[in-house]
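Keep the structure open as you read.

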Amino acid sequence: MFRLSLKMTLSRRGRLLLTSLAIILGTSFLSGTTIFSDTINSTFDRLFTDVFRDVDAYVRSTDSVDTGFGDQRAPSPISALETIFGVEGVSAAVGDMQSYARVINKDGKPLGEDQGPPTFGGIASESSAGLWSVEDGRLPVGPEEMMLDRETAEKGKFEIGDSVRVNALSGTREFTLVGIANYGDVSSPGGATFALFDQPTASEFLLKPGFVDAFLIKGDGTLSDEELAEAIDAALPADAKLETLTGAEITEETTSQIKIVLGFFTAFLTAFSFIALGIGCFVIYNVFSITAAQRQRESALLRAIGASRRQVTVSLLVEALIVGLIGSVIGFITGIGLSQALSALLNAIGLEIPTKGLTINTDAIVQTVSIGTLITILSAILPALRSGRVPPLAAFQDTALDTVQKLTRRVAIGLVLIIAGAVALIASINGASVTILGLGVLGVFAGVLVLGPALSKPIAMLLGKPVAMLRGVTGAMSQQNAARNPKRTARTAAPVLIGVALVTAFTALAASVKNEIRETIGSSFRGDYALSVNSRGFGGIPVSVTDQIDQLNEVDQATGVGFIAAKVGDESPFVLVFNPKTSKDLYDLEMLSGKQSDLKKTEILVEADKADEKNLKVGSSLQVTLVDGRSILMTVAGTFKDAYGNYAFSRELFEDSTSPLFDSFVYIKVAEGVNDESARTAISAISSDLGIGTLESRDEYIDTQAAQVDQFLALIYGLLFLSVIIAIVGIIITLLLSVFERKREIGLLRAVGMTRSQVRTMVRWESVITSLFGAVTGVVLGILTGIVIVVSLNESGFSAFTLPIVNTLYILLGAFVIGVIAAVFPAWRATRTEIISAIASA
């Protein structure tokens, strides 16, 4: 039976190709993501092992705040370096920094993208413990000299001797470029930009005089790394709040932090690869239903000559095993190219991965082939069982029929799933966890899919009415053909339904987020201009620049808004920071209690829902720990709603802090009598013209902030495009089956005068009706999902659901195009039906 299964599989190469294609598309995405993740991990393991190869110990502050992507630590006093040098076993030690610094290109624009890799400032030293090596030129000395990493110098076309402008915590300055450096054996880690200075200049310009981020130490070989770390810890005074790690420990920690950040991206891709595999299951199931129908006579003949039901069933499962193995292996090979494309994509947006070839682990091969094969076999079980139940008398029939069974049990199961999902969704709306929300959405999706065959006939008839009116007899036949087999139509439309539902839900969610952004900014920002950066919590606009703008004669008022990591109670959020003395009537929070302008240094504002959750009210006390180690018992001075963040501090709290503080936005009100051109020129001269932020009018700024959501939406569309391809493959296969089943029917129609053009039209509109059935059902399901998600997120600031009508119409138009494209090959095959042989097949 195995040899027979193999022969029958290879004898139908077209079906083998189409079946394998669904497996290939799904497994290639999974394979590419896995290889890409393994390559990233091995690359940064190698990179930081090389970078820290001469670092035996690492001293840093014990004061820190967890940001979710690693700890943000307080600076360390440079005075500790003398103590470290005095420890027996230390041969070299140097301060280390990775603070914010933005290099400005020769055209006046910042190097690097806001959404790209970070822009660092650091220390270049001749110490053997340092991380940077001089490739060209020399080390910087004094407050007017600097170095650049090689990649940044090449991108900016900087040469030694050029003047380079850099923006940092202390403002903006010009330096003379005296050297080019490498980070280990790469030009720059992850495509980041590095501006390097001597230690005194770096401390004063990037942080605070007398402080660095940490210390790199090299031993003399007399002590092990662990013994050296213990000796340094013993020598450091207890009140210094410093700790010592070994070189291996800091290497592991640094690598892990980068893996965490990039892990979100790879996890995101993996999730969509499983969505593609799930959608592919419907196509595979359809294919093997086709196989069972096409081999009905073959199966009956096998039964007639003595084959058991089990042997016939196993025969089809063996075919599934072969198809799954072939498709998965090809999918894995295709995934290698996809992983290279992912690396190229990251390089294109500035996130360079310094790879030295791909890392292909055995686990990736086993995982891809196992999952692809298992999904194929599981998808083939029901068709195989049906094939085994074919009676021997069916051998006398030459026409393959994919039979229709009663739908009563299916309707009952579908309704139960929908009701259970609806109960979970209602619970999530009333405050249940996100897990309950996910289970509810899954239940409703599963219920609709199970209920699909019961819905497909009436909806197909409804959608087909305009086609029948427009195309006459051929349109009516398309309508009837789409409704003829409800199960097959529902299975074919399922990939379209899932893809459209996800696209619609994400589109509706994005529209709601954009509307919320517009309303939130529009209600709080009342000025004429906004200076902004998309710093994602690292760097931004120096507060000194904000103060300079406020002092301009052309400006009536300017206030800055920033974010900083802090531990508030038992949470570690990014806290909103503003200046209550300059924010009145320019940046106004929607206060529910208390007064924004009265906020004092040791007081805090709390978002209303968060205050209710924590049982806080005006006058309550809240323990706050800052990155610099200060622990302050702050008083709740008021509550607000609809703002970025759950907590707000006064800028005054950070006047004597070593924690770097930047503004993310500066809101500006023009002085009375000053025209827009004069105001924009004056403000730009000390900000955007120097590469500090982007200056926009109020309307431009609101549009820009809302448009950031479109970038995420474009990524979702791109990832779901694979599902669209799988859906097209599914429709093609089903139409081919339809043509095969109706071979005699098509022959008779051609014999009585139907033209080839009419045959093509009939098949094409059948495809369109099937595609639109999935799209219409998916749009309804997606809109309902979007509404539930938005309502469930009311506590996070969402106030209303926004239906993107135009985008929804585009989605339906796209489904129409999918139907037309998918029908091209099956329609061509239908026109090639031989009239005489088709009629004789009765």
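R165 and E174 pair through their side chains in a salt bridge, at 3.1 Å from N to O. The term salt bridge here requires a side-chain nitrogen of Lys or Arg within 4 Å of a carboxyl oxygen of Asp or Glu. E174 is partly exposed, with 48% relative accessibility. On this scale, buried is under 20% relative accessible area, exposed is over 50%, and partly exposed lies in between (1.4 Å probe, protein chains only).

The model is predicted: local features need pLDDT of at least 70, side-chain atom pairs count only at pLDDT 80 or more, and totals for chains, interfaces and linings use all residues. Residues are numbered from 1 along each chain as its sequence is written, and side-chain values use heavy atoms, leaving out hydrogens and water.

Side chains of opposite charge can pair when their charged atoms come close. Turn to D628 and R630. Their closest N and O atoms lie 3.0 Å apart, forming a salt bridge. D628 is buried, at 15% relative accessible area. R630 is partly exposed, at 28% relative accessibility.

Next, find E243 and R73. Their side chains form a salt bridge at 3.7 Å, N to O. This pair joins distant parts of the chain, 170 residues apart: E243 sits in strand β15 (residues 242–246), R73 in strand β3 (residues 71–73). Strands are DSSP runs of E, at least two residues, numbered from the N terminus. E243 is partly exposed at 25% relative accessibility. R73 is also partly exposed, at 23%.

Which residues are linked with R73 and E243 in a network of salt bridges? The network also takes in R60 and E253. Across the structure there are 20 salt bridges.

Methods:
Helices (H or I, at least four residues) and strands (E, at least two) are DSSP runs, numbered from the N terminus.
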